[in-house]
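Trainee: I have the sequence and the model open. Can we go through it together?

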Amino acid sequence: MKLTRRTLLAGAPFGAGLLAAGLPGFAFAEAAPVKFRYLGSRGGISPHELADELGYFKGLGIELENVGYTGGGPESLFALASGSVDLGSAATPAVINSIAGGNDFVAAYPSNGINQQVKSVFYVLEDSPIKSIADLPGKTIAVNTLGAHLDFTVREALHSVGLSPDAAKLVVVPGPQLEQTLRSRQVDVAALGYWQATFAGALVTNGGVRGVFNDIGVLGELAGGFVILRRDFIAAHPEAARNFVQQSARAADWSRQNPGEARKALATILDRRGENGDLARYWTGFGLREGAQATDRDIDFWISVLERDGRLAKGKLKAADILYRPGEIKTN
């Protein structure tokens, strides 16, 4: 097997061959198991973790190994670049910035999508004077990490109403501490990402809060972030990479078709990790399209934003340079 830049990146939008009904027929195992080391996210899972729980990787030469937790996408990308892990997960603009900075990464599949059911919400206490995005200048917003999805969503929200992207102050607060930080009035706003629906559900259930805005209202429907592989890892393990993506997409489809069972699986995973499995009842799903398909807009939207803000040279990157298309791996 040889994987070239042309075969990896050329052609139609990602996901054309990933419809769940066809997945088993595309699975081919390599001779020896390939280990995929990764960092988990507290309170949630990615489709590949669900696929592993469902046994979809069995017999396909894939072994997943959780080597710890990540506070956010930039940390995950740093670990991937250093070789500490074999796959990362990060918000799309962080992925684009990382690739533009010289990392030879490929967006393997969307980890989550933003839609009316799965979204990031920016919460305040009920008695807060903050009523809209226009009230954010000078206020403090708690996010899980800087330089990732919530950071860029705040910047785009402020831009959308004609304010400076830097008008609000962002502070880093781990997901499990977001509710306490907001209720103790250490911050004005707590941002709960689409991947933190378990924490958001508990916050709302406990009462006394309201959402001011959400990311779908600012960004529209698109992929929130991607699972990332290194290009050399794909070249070394093309079949494992293809099976990994296809079975992860299959698990995402299963979760949408079986939401109750998916929450039970999440509860099992959280309990096994020593977290609170009861929070799984608040999980809203992955928010992905059928077959975990990505579109060019998922990437190009953020490329245009980064170009507009002077963070990316115009024309340096496009979606075709970033998205992985496993159906195009060729045999010499």
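Trainee: How many helices and strands does the protein have?

Mentor: There are 12 helices and 10 strands in the protein. Helices (H or I, at least four residues) and strands (E, at least two) are DSSP runs, numbered from the N terminus. This is a predicted model, where local features need pLDDT of at least 70 and side-chain atom pairs count only at pLDDT 80 or more, while totals for chains, interfaces and linings use all residues. Residues are numbered from 1 along each chain as its sequence is written, and side-chain values use heavy atoms, with hydrogens and water left out.

Trainee: What share of the residues is buried?

Mentor: Of the 332 residues in the protein, 56% are buried. Buried means under 20% relative accessible area, exposed over 50%, and partly exposed in between (1.4 Å probe, protein chains only).

Trainee: And what share of the contacts is between residues 24 or more positions apart?

Mentor: Among contacts with a separation of 6 or more, 84% join residues 24 or more positions apart. Contact means heavy atoms within 4.5 Å.

Trainee: Sheets next. What is the strand order in the sheet of three strands?

Mentor: The order is S3-S10-S4, in an open sheet with antiparallel pairing. Two strands pair if DSSP finds at least two bridges between them. Strand S3 (87-91) and strand S4 (105-114) are the edge strands, each pairing on one side only. From one strand to the next, the twist averages 30 degrees. Axes here are lines fitted to C-alpha atoms, for helices over the stretch in contact, and angles run from 0 to 180 degrees between N-to-C directions.

Trainee: How many bridges do S4 and S10 pair over?

Mentor: S4 and strand S10 (residues 222-230) pair over eight bridges, in the antiparallel sense. Pro110, for instance, has Phe226 in S10 as its bridge partner.

Trainee: Which helix packs on that sheet?

Mentor: Helix H10 (residues 238-257) does, touching S3, S4 and S10. The direction of H10 makes about 5 degrees with that of S4.

Trainee: I clicked on Ser248 in H10. Buried or exposed?

Mentor: Ser248 counts as buried because its relative accessibility is 0%. Leaving aside neighbours within four places in sequence, Ser248 is in contact with Pro47, His48, Ala51, Phe57 and Tyr109.

Trainee: What about the sheet of five strands, what order does that have?

Mentor: That open sheet runs S7-S6-S8-S5-S9, with mixed pairing. Its edge strands are strand S7 (169-172) and strand S9 (209-214), and each pairs on one side only. Strand S6 (residues 140-143) and S7 pair in the parallel sense over four bridges, and Ala142 stands opposite Val171 in S7. Helix H5 (residues 149-160) packs on this sheet, touching strand S5 (121-125), S6, S7, S8 and S9. The direction of H5 makes about 80 degrees with that of S5.

Trainee: Which residues of H4 and H12 meet?

Mentor: Thr92, Pro93, Ile96 and Asn97 in H4 meet Asp298, Ile299, Trp302, Ile303 and Leu306 in H12. By class, the contact of H4 with H12 has six nonpolar, two polar and one charged. Ala, Val, Leu, Ile, Met, Phe, Trp, Tyr, Cys and Pro count as nonpolar, Asp, Glu, Lys and Arg as charged, and the others, Gly among them, as polar.

Trainee: And how close do the axes of H5 and H12 come, within what distance?

Mentor: Within 12 Å, crossing at roughly 65 degrees. The crossing of H5 and H12 is left-handed. On the H5 side, Phe152, Glu156 and His159 meet Trp302, Val305, Leu306 and Arg308 in H12.

Trainee: Last topic, the loops. What is the phi of Ala292?

Mentor: Ala292 has a positive phi of about 50 degrees, although it is not a glycine. Most residues other than glycine have a negative phi. Ala292 is in the loop between helix H11 (259-272) and H12, and at 0% relative accessibility Ala292 counts as buried.

Technical notes:
A crossing is left-handed if the near helix is turned anticlockwise from the far one by less than a right angle, and right-handed if clockwise.
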